[in-house]
Amino acid sequence: MGEADICASAATPESSNPVPTSPPSNHYPIPIDLIRQKEYPLLAETTYLDHAGTTPPPASLINRFSYDLLTNLYGNPHSSSSSSQLATRNIEDIRHDALRFFNADPAEFDLVFVANATAGIKLIAEAFREEQGGFWYGYHGAAHTSLVGARELAERGSRCFEDDAEVEEWLEEDQEHDKVDGRGGGGGGGGGGGGVERLELFAYPAQSNMNGRRLPLNWCRRIRHCQHNSCSLRRYTLLDAAALVSTSPLDLGDKDSAPDFTVLSFYKIFGFPDLGALIVRKDSADVLLRRAYFGGGTVDMVVCLKEQWHAKKTDFSHESLEDGTLPVHNIMALRHAMHVHKQLYGSLENVARHTAELADRLYANLQALRHGNGVSVCTIYRDCATDYMDTSQQGPVIAFNIRNAQSIYFSGTEVEKLANIRNIQLRTGGLCNPGGIATALDLAPWEMRQNFSAGQKCGNDGEMLSGKPTGMIRLSLGAMSTQHDIDVFLDFMREFFVDLISARSQELTPPGTPDPSICTNFYIESLTVYPIKSCAGFLVPSHQSWPIYPEGLAWDREWCLVHKGTGVALSQKRYPKMALIRPSLDFEHGVLRVRFAGDMQTEVAVPLSADPRPLADDQYKSQTLAVCGDKVTSRMYTSPNISAFFTAALGVPCTLARFPAHGTAGPSIRHAKAHLGGSQKPRNISSSISTTTAEPRASKPKQSPHSILLSNESPILLITRPSLNRLTSQIKENNGIAPHASAFRANIIVASSLPGNNTVNDTNEAYVEDDWRSLSISAEGTSTTTLKTLGPCRRCQMVTIDQMTGIREAQGEPFATLAKTRRWDGKVWFGVHACLDGVGAGRVGVGDRVVVERSG
C-alpha cells in the first residue's frame, strides 16, 4: 500500500477503536517517569510532540560529553600530534560502534560522517551526476523533500513512483525481463542501448516523515536481484532511514538485503550531536569514489604548480568522501550518545514497543473525539492497512487536521498559535513531504501552483486556501514520551476544538438590521501611536488633536528594529522584550527619544524630520528590509551608539531603521493585506465552542489597496471598550487575569461614554464593531474625519505579552478565552481594521464624538 492509499479516517462512533485506559507498560530498564525527571528537566513544563524533527538530548549525555572535553584534548585528525592521534583513534572506534549500532559488519560496510541525512543524499547525487552519461533517478512519492531534490541532477531523467503499487509493478516487469532474455530490467527509462552502460538510482524512505508509514525494506534485495544478469545496467538503492531510526532499529546484518546507501541523522535518535551518517555497502562504493572533487584529508598527494595531478586515498571509502576536517567534537559526543541511550532505554526495539503503545492510544483517542452533533473532530491521514501496534508497518507519528462541527477545517496556523499558549510543541504545514501532502489532501499540481501564487510556501504553518487545507498537523512521539504527554494534548483538543453543543443550536445568525436600542454614538477614549514597530506605544495627550493620513496616525510605525544579520524587521512575537523599549515624541526638540524600561537613565534620540537631508550621509544608509513578507527600502541608521543601545536592550544584534514617511518619498509601497477591504458575505458558520455574537465581517465593495507603513496589516487598528469589558468579565469568571487594553496594541479605543465617565455595564454593546461600515469623528467646531472599516482583526498569541513587563501571561490569556468565544473560520478575531476614507488628511483627538454607520 502506498501514499495513494491513505485513509483520511474520520470514523463513525460504531467503528471507533476502544480507548485504552490502563497504564502503559514499562519497556525500559528504568521506569520512564524516573527517566523524564532526571534526564529531561526541560520537558517538565512543556509537552514535546515533535520528535520526528529532533528529539531532546538527555542530561547524562551532555554531562558526560562536557566532562570528556574537560579531561581530554582532541586535535585535528590530519596531524600527528598526540592530541590528533587521540582524536583519530577515537573516531575510528566510534565509526565501528556506530556501524554495529545498526548491526552492520564493518568488513562489509563503511560509514561516512556527514552533517545530516540531507548532506548524505546530496553527496550521493553529486557523485552519480559525474558518471559518464549521467544517471536516471527513481524515487517514491512518500519521499522527503531532500530525496525529491536529487532528481534535478539526473541527466537521464527521473520518475516519481506515486505509491507502492507502482514500485511493485516496476519490479515485476524487471523480473519478467530477467526471466525472458537474461537482461536486467530497463524500467528506469534511462535509455542507452548500443552497449552503453546505464546507471540508475532508486531512492525511498524507510518511514514516511509525514505520517509514519513504514515502507518495504525488501525492495533493496529485489532490485539487486533484478540486475544480476545485466551487463549494461547498474542500479543502486538509497534508503532514507532518518525517520525510521528515531524510534526503531535498522538491521543491516544481511548485506545482500541491505541498501547500497543508507542515510540518517543521529540527532533524531539521541537529540545530540548534530551529526549524520552515510552508510555505504562496500561492494557498491566504487560509484562514489570516481567523483572529481577532492577536499583536504581525501588525497595522498596534490601537484598544482606547472602540473595538475593528485592521488586520492583509496584504503577506505570514508577517506575519499569526508572532505576537510571532521566535526571532531560532535563525533566524540556520539560515543556518549550511544552509551547513554543503551543505559536508559536498553535498545531501539524497546523504544519501538514503547512508542507504538503510546501512539496507538493517542490515535484511538483522537479518532474517538466527536462534536455534539456526532461529527468527527479529526481527519487522520494514515494508511488503511497499517496498525500502530505493528512496528514493521507504522511508526509513532500521527498526521491529521481538525474540523469544527460543520466539518470546516481549522488552519494549521491557528492550531499552532493555541498550542504555543499551552506550551505544546508540534509541527504544522507541508512537513517537507510534497508527494505525501498532495496525495493525502488531494491537491492537484495546478492547485499547489495556485496556492504558491497566493502566498503559500514551504515552511508556512498551513493556511486554508480555497476551502482546503494546504498542510496538516503532525504529532510524533519519542523514546521519552509519556502517557502524560498524550493526556495533555487530548485535554488541549477538548478545551479548544471539541464543540459539545449541538451544531444546530449553535448555528449563528449573520448580521441583519441593527437593533435601534444599541448605541450608535461613541467617543474616542484614547489614541496610541507606535513609532517603532512592535515596541511600546506613545499615548497621545488628551488635549492634543492628532493628524491622520491614508497610511495611519501620524508617526505610527515609521521606524522598526532590524536584525543586522538577516535584514528582517524584529517582531514582539519573537522578542517579547521589545515591549520594554519605550519611544516618546519630543516635538519641542524635534526628536524621537527612546528609553529601555530596564535602564531609564540611558536613551538614544533621532531627528523626527522626515527629510533625510539634515542627517549627514554617514548617519544612515539605504537598505532593503523584510517586513511581514514584504521587501521595502528603508533608511538604516549607522550610528554605533544607536545599534549598541538596541542590541544591549534585546540581546540581539540589531539597529534602527526608518521607512520613508508620508509625503517625502512618494506613496507607501506597502499595502493593507489582501483579505482586508473587500466584501465578505455573511455565512452561517459556527464557532467551535462559541456562544457569542454574529460573525464579524467587512461589508465594503472591493477597492484599490490601502497604503500602510510598517504595520502588519492595515493603517489603523481599533477596539471598543464594551468589547474589552465583555472579554474581561469572561476571563475573570474563570479566575483568569484580565488583560490591560495595551495588550491589543490598538491605535484607537472607542467607548460608549466620554473618557472618565465610562459606563460600567456596557457589555450589551460588546462586539457591535463587527457590523460597522464607517466612523465619522468630530469635535465641537471642527470638521469631520471619516474612517472606513476594512474588516476584523485576526489575533495571535502576541496578545498574551504583558506590555508593561514583556512577559507572556502564564495561562495564555486573553488569547485562550478569545479562542473559545471569538473564533470563526478557524481564526480568532478581536477589533477591526480601518483607514482614512478619502485622500488628504484629517484630525482626531481624545473625547471626539464618533457616529457609526452600520452595515446592512
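Colleague: Is Glu152 buried or exposed?

Modeller: This is a predicted model: local features need pLDDT of at least 70, side-chain atom pairs count only at pLDDT 80 or more, and totals for chains, interfaces and linings use all residues. Residues are numbered from 1 along each chain as its sequence is written, and side-chain values use heavy atoms, with hydrogens and water left out. Buried means under 20% relative accessible area, exposed over 50%, and partly exposed in between (1.4 Å probe, protein chains only). Glu152 has a relative accessible area of 59%, so this residue is exposed.

Colleague: Which side chain makes a polar contact with the side chain of Glu152?

Modeller: A polar contact is a pair of N or O atoms within 3.5 Å; within protein, one must be able to donate a hydrogen and the other to accept it, and residues adjacent in sequence count only if both atoms are side-chain atoms. Here the contact runs from side chain to side chain, at 2.9 Å. The partner of Glu152 is Arg151.

Colleague: How many salt bridges does a search of the whole structure find?

Modeller: A salt bridge is a side-chain nitrogen of Lys or Arg within 4 Å of a carboxyl oxygen of Asp or Glu. Some link up: Glu108, Arg224, Lys255, Asp256, Asp260, Arg281 and Asp283 form a network of them. Across the whole structure, the search finds 37.

Colleague: What is the N to O distance in the salt bridge of Arg213 and Asp164?

Modeller: Arg213 counts as buried, because its relative accessibility is 3%. Asp164 is buried too, with a relative accessible area of 5%. Their side chains meet in a salt bridge, N to O, at 2.9 Å.

Colleague: How many residues apart in sequence are the parts that Arg794 and Glu414 tie together?

Modeller: Arg794 and Glu414 form a salt bridge, with the closest N and O atoms 2.7 Å apart. Helices (H or I, at least four residues) and strands (E, at least two) are DSSP runs, numbered from the N terminus. Arg794 lies in strand 35 and Glu414 in helix 13, so the pair ties together parts whose separation in sequence, in residues, is 380.

Colleague: In that pair, which relative accessibility makes Glu414 count as buried?

Modeller: Arg794 is partly exposed, with a relative accessible area of 22%. Glu414 counts as buried because its relative accessibility is 2%.

Colleague: Which residue forms a salt bridge with Asp770?

Modeller: Asp770 counts as buried, at 6% relative accessibility. Its partner lies in the loop between helix 20 and strand 36, 52 residues apart from Asp770. The closest N and O atoms are 2.9 Å apart, and the partner is Arg822.
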